[in-house]
Amino acid sequence: MKYCSTRNSNLEKSFDEIIIEGLAQDGGLYMPKEWPKIDLNRILKNESITYPELAKIIIKNYVGNTIKDSELLEIAENTYKVFSHKKIAPLINVENNKFILELFHGPTYAFKDYPLQMLGNLFQYYLNKKDKNITVIGATSGDTGSAAIDACKDKENIKIFILHPKNKTSDIQRKQMTTIKSSNVYNVAINGTFDDCQNIIKKLFVSDDLRLKTTLSAINSINWARIMSQSVYFFWAYIQAAQYNKKVNFIVPTGNFGNVYAAHISGTMGLPIEKLYVATNSNDIMHRTISNGDMSLKDVKSTISPSMDIQISSNFERQLFESMNYNSTELNQLMLSFNKNKKYDLQGKIHNNLKLYYKSKGINDSLTSETIKMFYDKYNYISDPHTATSLNILSELNNQDINIALACAHPSKFPDSIEKSIGILPEQPKNLKKVLDSEEKYINLDNNLSEVKEYIVENLI
């Protein structure tokens with residue numbers, strides 16, 4: 001398997017190169033030059049298939065000959081043995097053809113654990129093979145940071161720097177990052193929004209002077225390894241639903257567009273997906289883009305679903321590139337216009353292509369809280385606010401397909417929102433209780449590229 005950049009379709013790199021780099025030096029995102037096809041019938045005939053075995057089958061298509069089958073299976077088994085549920089990602093049947101895929105049974109209780117535990121182990125494999133050290137940098141609006149830190153902590157050949165927007169994550173989300181005592185972990189609170197943090201990260205990747213001092217790698221979903229790893233649980237959900245004569249719809253809470261794009265490539269690989277429903281909060285740029293082509297930036301609003309408080313959805317560039325038939329020249333022109341004017345009107349073939357795959361809805365805080373209460377009253381199911389955005393759409397669907405909403409975080413990570421919605425606090429796992437009482441360690445910096453770069457360089461020594 002070879003990879004190109006969204007900004008340069010003529011580029012050709014192997015997986016072991018693009019996993020370490022994360023983001024292309026031209027500022028683009030890596031994409032496979034062709035899409036593999038999965039023999040779904042063969043998978044479905046194996047009634048005893050495990051999650052690690054499924055992961056090995058799917059991921060092998062993207063890593064190619066850079067890793068042996070036996071080694072990849074061993075990595076997958078080691079990755080998912082730290083998850084608390086025997087099914088890794090269990091599917092909960094709530095009513096008729098309506099299901100919830102629970103993706104919060106990893107070490108930090110959020111869906112980011114599923115790709116990031118794999119990414120951390122793949123990093124270790126390739127770094128040991130090449131005898132290299134890397135500096136991992138990333139931005140988080142909540143759960144990515146803690147999942148990335150847990151995946152990379154104590155690894156000798158990795159230093160990890162995570163930026164988060166000050167006072168714009170939940171206390172638990174922040175403390176899951178800032179209470180880790182590993183010497184290779186550095187937390188930075190930025191005076192700004194998640195988009196500001198993400199913008200700094202992108203500029204660091206194209207900083208020639210920083211690249212001379214260290215090898216940079218991305219932990220955000222701009223790293224293709226994240227997307228390919230997330231595609232596994234969409235296949236896993238379909239297997240568990242066990243209605244192989246039907247098509248499936250997934251409803252995905254969406255911020256950076258990585259999770260729903262992983263669902264999309266699952267369909268491209270052979271999963272019989274009918275439609276993907278994009279659920280946003282009041283930061284609804286993806287809803288506006290999909291519904292009427294209005295890709296215009298607005299101020300980021302603080303909501304009770306903070307991980308979705310995003311206006312610039314980085315992974316959407318991958319979908320645009322695909323919708324443009326891998327025309328990097330056209331993509332570059334679009335991105336230049338968008339970055340300059342803070343808006344772009346998607347019309348014609350690109351918008352029509354999006355509507356083939358996606359539908360969308362924006363769910364504000366009030367409707368999110370109402371949905372949390374509705375699912376508790378009706379099904380005795382407690383969902384976190386991000387999950388509730390997808391459950392709102394699930395509640396409205398009336399079809400004969402399999403309908404699966406993604407539960408992206410454990411409700412106890414957002415206790416205040418849950419208590420306001422249903423009047424009780426969700427039960428808290430022991431590990432989260434420990435976090436709340438632990439001492440924090442992080443540095444606060446302005447929204448300034450030079451300051452962040454200087455801090456990273458100082459700590460590379």
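Modeller: In β7, Val136 has Ile160 as its bridge partner. This is a predicted model, in which local features need pLDDT of at least 70 and side-chain atom pairs count only at pLDDT 80 or more, while totals for chains, interfaces and linings use all residues. Residues are numbered from 1 along each chain as its sequence is written, and side-chain values use heavy atoms, with hydrogens and water left out.

Val136 belongs to one face of β6. Strand β6 covers residues 134-139; strands here are DSSP runs of E with at least two residues, helices are runs of H or I with at least four, and both are numbered from the N terminus. Six of the six residues of β6 are buried, where buried means under 20% relative accessible area, exposed means over 50%, and partly exposed lies in between (1.4 Å probe, protein chains only). In a regular strand the side chains alternate between the two faces of the sheet. In β6 both faces are covered: Ile134, Val136 and Gly138 are buried on one side, and Thr135, Ile137 and Ala139 are buried on the other.

The pairing of β6 with β7 is parallel and runs over six bridges; two strands count as paired if DSSP finds at least two bridges between them. Strand β7 (residues 158-165) also pairs with β8 in the parallel sense, again over six bridges. Within that pairing, Leu163 stands opposite Val188 of β8. Strand β8 spans residues 185-191, and six of its seven residues are buried, so the rest of the structure largely encloses this strand.

Another parallel pair is β10 and β11, joined by six bridges. Here Pro253 has Ala279 of β11 as its bridge partner. Seven of the eight residues of β11 are buried, so β11 too is largely enclosed by the rest of the structure.

Strand β11 (residues 273-280) also contains Glu274. The side chain of Glu274 meets that of Lys247 in a salt bridge, at 3.6 Å from N to O; a salt bridge requires a side-chain nitrogen of Lys or Arg within 4 Å of a carboxyl oxygen of Asp or Glu. Lys247 sits in the loop between α10 (224-241) and β10 (248-253), and the pair links parts of the chain 27 residues apart. Both partners are partly exposed, Lys247 with a relative accessible area of 41% and Glu274 with 38%.

The whole structure holds 18 salt bridges. One of them joins Asp209 to Lys453, with the closest N and O atoms 3.2 Å apart. Asp209 lies in helix α9 (residues 208-213) and Lys453 in helix α20, so this contact ties together parts 244 residues apart in sequence. Asp209 is partly exposed at 36% relative accessibility. Asp294 and Arg288 form another salt bridge, their closest N and O atoms being 3.1 Å apart. Arg288 is buried at 7% relative accessibility, whereas Asp294 is partly exposed at 27%. Lys56, Lys60 and Asp69 are linked in a salt-bridge network.

The patch, on the surface, gathers Asp446, Glu451, Glu454 and Glu458. Patch residues have over 30% relative accessible area and no salt bridge, with like charges joined within 9 Å and nonpolar side chains (Val, Leu, Ile, Met, Phe, Trp, Tyr) within 5 Å. Asp and Glu count as negative, Lys and Arg as positive, and His and the chain ends are not counted; each charge is placed at NZ of Lys, CZ of Arg, CG of Asp or CD of Glu. Areas come from the Shrake-Rupley method with a 1.4 Å probe, and for residues only the protein chains shown count as cover. Glu454 lies in α20 and is partly exposed, at 48% relative accessible area.

Asn96, in the loop between β4 (91-95) and β5 (98-102), has a positive phi of about 45 degrees although it is not a glycine. Asn325, in the loop between α13 and α14 (328-341), has a positive phi near 55 degrees and is likewise a residue other than glycine. Asn96 is exposed at 64% relative accessibility, and Asn325 is exposed at 65%. Leu297 is found in the loop between β12 (294-296) and α13 (316-323) and is partly exposed at 25%. Leu297 and Asn339 are 42 residues apart in sequence, and their C-alpha atoms are 9.7 Å apart in space.
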